[in-house]
Amino acid sequence: MRSPIYVAIDTPELDRARSIAERVRNHVGGIKLGLEFFSANGRAGVREMADLGLPIFLDLKLHDIPNTVGKAIQALRPLKPAILTVHAAGGRAMMEDAKAAAPTGTKVVAVTVLTSLDGSDLSSIGLAAEPQPQVERLTALARDAGLDGVVCSGNEVAAAKAAWPDGFFVVPGVRPAESGHGDQKRVMTPRQALDNGASILVVGRPITQAADPDTAARAIEATL
Ligand SMILES: O=c1ccn([C@@H]2O[C@H](COP(=O)(O)O)[C@@H](O)[C@H]2O)c(=O)[nH]1
């Protein structure tokens, strides 16, 4: 069975991205490429990474008016990513247009509340301090808009899954017990996140910044 770990390769350097992916490929189920990689390397860079043979999760977190997001996804169609992200806060019409524009077979998932935000961050942008009700509200909106799933932290994934049993749940903010949190504020261990209902786990720096990414990925896989 394919590993549930998607390694977040956040670097602008194509050679470094390829080297990390080659080192960890036997211990991960896919590669997540985000804004940092895409801004530097564009569609051609994504194609080069896809040539390694692992599923590609294109984490661009699109958030704009429905027409703009739909057209942006049309431009990404030739890449046929396995997973693509938009922000649920863009609203139902935006998510509907995103799904309609995506290729068949691409899972479109909506970011609910970024894992880098805690209660005080949410208050500072005018939201209630408790993340879970916001995650549940946006999960219901994404489900009703016809998306495939959502992104949330391991703290909220059980509640999100209860509301959407056949949804696809992407959990970042994953940290092995001994790892630093960096800018992540709502974190969970890989094992606990899976037990809570994650469909896939996104793990970046604990693997990519390790002295030996291969060993780090293997150690995380061994805990699952
Ligand atoms: O809520 C979210 C949504 C996306 N991310 C992305 O996941 C990785 C996490 O990297 P780490 O190095 O393991 O912290 C990163 O690419 C984010 O853009 C997220 O962290 N939280």
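**Helix packing and ligand surroundings in a predicted model**

The axes of helix 3 (residues 66-76) and helix 4 (residues 92-101) come within 8 Å and cross at roughly 20 degrees. Helix 3 is therefore roughly parallel to helix 4, given that angles under 35 degrees count as roughly parallel, over 145 as roughly antiparallel, 65 to 115 as roughly perpendicular and the rest as oblique. Axes are lines fitted to C-alpha atoms, for helices over the stretch in contact, and angles run from 0 to 180 degrees between N-to-C directions. Helices are DSSP runs (H or I, at least four residues) numbered from the N terminus.

The model is predicted; local features need pLDDT of at least 70, side-chain atom pairs count only at pLDDT 80 or more, and totals for chains, interfaces and linings use all residues. Residues are numbered from 1 along each chain as its sequence is written. The chain has a mean pLDDT of 98, with 100% of its residues reaching 70 or more; pLDDT is the predictor's confidence in each residue, from 0 to 100. For the complex, the predictor gives an ipTM of 0.99 and a pTM of 0.98.

Helix 3 and helix 4 cross in a right-handed sense (left-handed if the near helix is turned anticlockwise from the far one by less than a right angle, and right-handed if clockwise). In this pair, Pro66, Val69, Gly70, Ile73 and Gln74 of helix 3 meet Ala93, Met94, Asp97, Ala98, Ala100 and Ala101 of helix 4, two residues being in contact if their C-beta atoms, placed from the backbone, lie within 7 Å. By class, the contact of helix 3 with helix 4 has eight nonpolar, two polar and one charged residues. Ala, Val, Leu, Ile, Met, Phe, Trp, Tyr, Cys and Pro count as nonpolar, Asp, Glu, Lys and Arg as charged, and the others, Gly among them, as polar.

Helix 1 (residues 14-24) takes part in a contact with helix 2 (residues 35-50), where the axes come within 10 Å and cross at roughly 50 degrees. Helix 1 and helix 2 are therefore oblique to each other, and their crossing is right-handed. Leu14, Ala17, Arg18 and Ala21 of helix 1 meet Phe37, Asn41, Gly45, Glu48 and Met49 of helix 2. Five nonpolar, two polar and two charged residues make up the contact of helix 1 with helix 2.

Helix 1 also packs with helix 10 (residues 213-222) at an angle of about 45 degrees, with the axes 8 Å apart. Helix 1 is therefore oblique to helix 10. The crossing of helix 1 and helix 10 is right-handed.

Around the ligand there are 16 residues, of which Ala8, Thr115, Pro172, Gly204 and Arg205 come nearest; a residue is near a molecule if its C-beta atom, placed from the backbone, lies within 6 Å of it.

Conventions. Helix = DSSP H or I, 4+ residues; strand = E, 2+ residues; numbered from the N terminus.
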